[in-house]
Amino acid sequence: EAAKEVVAFVIENSLTPEAKLQGNQYLMKIALETATPEEFPKLEQEFESLLTEYGYGTNTYLLQIDYNHFLAFKAGKKEKAITNLKQLATQKLSAYQEARVKMELSDILVFDEKFNQALIYYSQIQKKVKNDQLAQEARFKVARTSYFKGDFTWAQVQLDVLRKSASQLIANDAMELSLMIRDNSLEDSTQTALKKYARADLLALQNKDKEAIVLLDDILTNHKGEAIEDEALLKQAKLFVKTQQYQKAEVNYN
């Protein structure tokens, strides 16, 4: 509520359309953080009203990214978001702007399990902004997408490079995923449990929390005592918290 008041003041007293646009973007971010699914149709209308007012040009590319992220990850309109972002990527954007648009597009394609298409766009980002942190982020997401596909060997190769050369934050993420793959490949050459865990990880990304919890139950039952058990307990605990099953989460954490 306090943030809304501040942003409303900024919008009211802004002297430029750019500042008003940025203020409205912040208002939409606040609305997205607090909205219930019943309010999603209203939010979609608000996004469209803003884009009608400010246009669908390059000056609103960040607002368009937010809008299409909302469509894909909240409103269940992945195809519409993919079409919109592909169209936006054809406009006269700077290299960095194009990379940002393609990053969002790639993330949605992963969410939609269109892994090969996503990998193509992530590779384009790496070439487009070679020395930028965005390129390192794209490389990490190539590894993570390969992990979701069950291609653990290629994921490991990418992650080992990132552990040495990336920014601290991405290096930490790379190290965590790399160690998880390595630890859970030593005992089980078929990587059966790891494949199940990667699938559960993807289901969690897709907000299919119940299905992820059930799959993690399968791991905890059929792979008890294996290296994967602690990861499965931790992942499931986080999903229990997300779905407000706090007593079950506490059992897992203990």
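Which residues make the nonpolar surface patch of about 400 Å²? I looked this up first. The model is a predicted one. I found that Leu 234, Val 241, Tyr 246 and Tyr 253 make the patch.

I then checked which elements supply it. Helix H13, residues 228-242, gives at least two residues of the nonpolar patch, and helix H14, residues 246-253, also gives at least two.

I looked up Tyr 253 by itself. Tyr 253 sits in helix H14.

Next I turned to helix H8, residues 133-149. I noted 17 residues and a reach of 24 Å from the first C-alpha to the last, close to the 24 Å expected at 1.5 Å a residue. At the start of H8, I found a side-chain oxygen of Asp 132 within 2.8 Å of the backbone nitrogen of Leu 134. After H8 comes Gly 150, with a positive phi near 90 degrees.

I listed the buried residues of H8; among them are Leu 134, Phe 140, Lys 141, Tyr 147 and Phe 148. I asked what covers them, and the cover includes helices H6 (95-111), H7 (115-128), H9 (152-165), H10 (168-186) and H11 (192-205).

My last entry is on H6. H6 has 17 residues and reaches 24 Å from its first C-alpha to its last, close to the 24 Å expected at 1.5 Å a residue. I noted H6 as largely enclosed by the rest of the structure, because 13 of its 17 residues are buried. Just after H6, I found Glu 113 with a positive phi of about 60 degrees.

Key:
Residues are numbered from 1 along each chain as its sequence is written. This is a predicted model: local features need pLDDT of at least 70, side-chain atom pairs count only at pLDDT 80 or more; totals for chains, interfaces and linings use all residues. Side-chain values use heavy atoms; hydrogens and water are left out. Patches are made of residues with over 30% relative accessible area and no salt bridge: like charges are joined within 9 Å, nonpolar side chains (Val, Leu, Ile, Met, Phe, Trp, Tyr) within 5 Å. Accessible areas come from the Shrake-Rupley method with a 1.4 Å probe; for residues, only the protein chains shown count as cover. A salt bridge is a side-chain nitrogen of Lys or Arg within 4 Å of a carboxyl oxygen of Asp or Glu. Helices (H or I, at least four residues) and strands (E, at least two) are DSSP runs, numbered from the N terminus. The expected span of a helix is 1.5 Å times one less than its number of residues. Buried means under 20% relative accessible area, exposed over 50%, partly exposed in between (1.4 Å probe, protein chains only). Contact means heavy atoms within 4.5 Å. A polar contact is a pair of N or O atoms within 3.5 Å; within protein, one must be able to donate a hydrogen and the other to accept it, and residues adjacent in sequence count only if both atoms are side-chain atoms.
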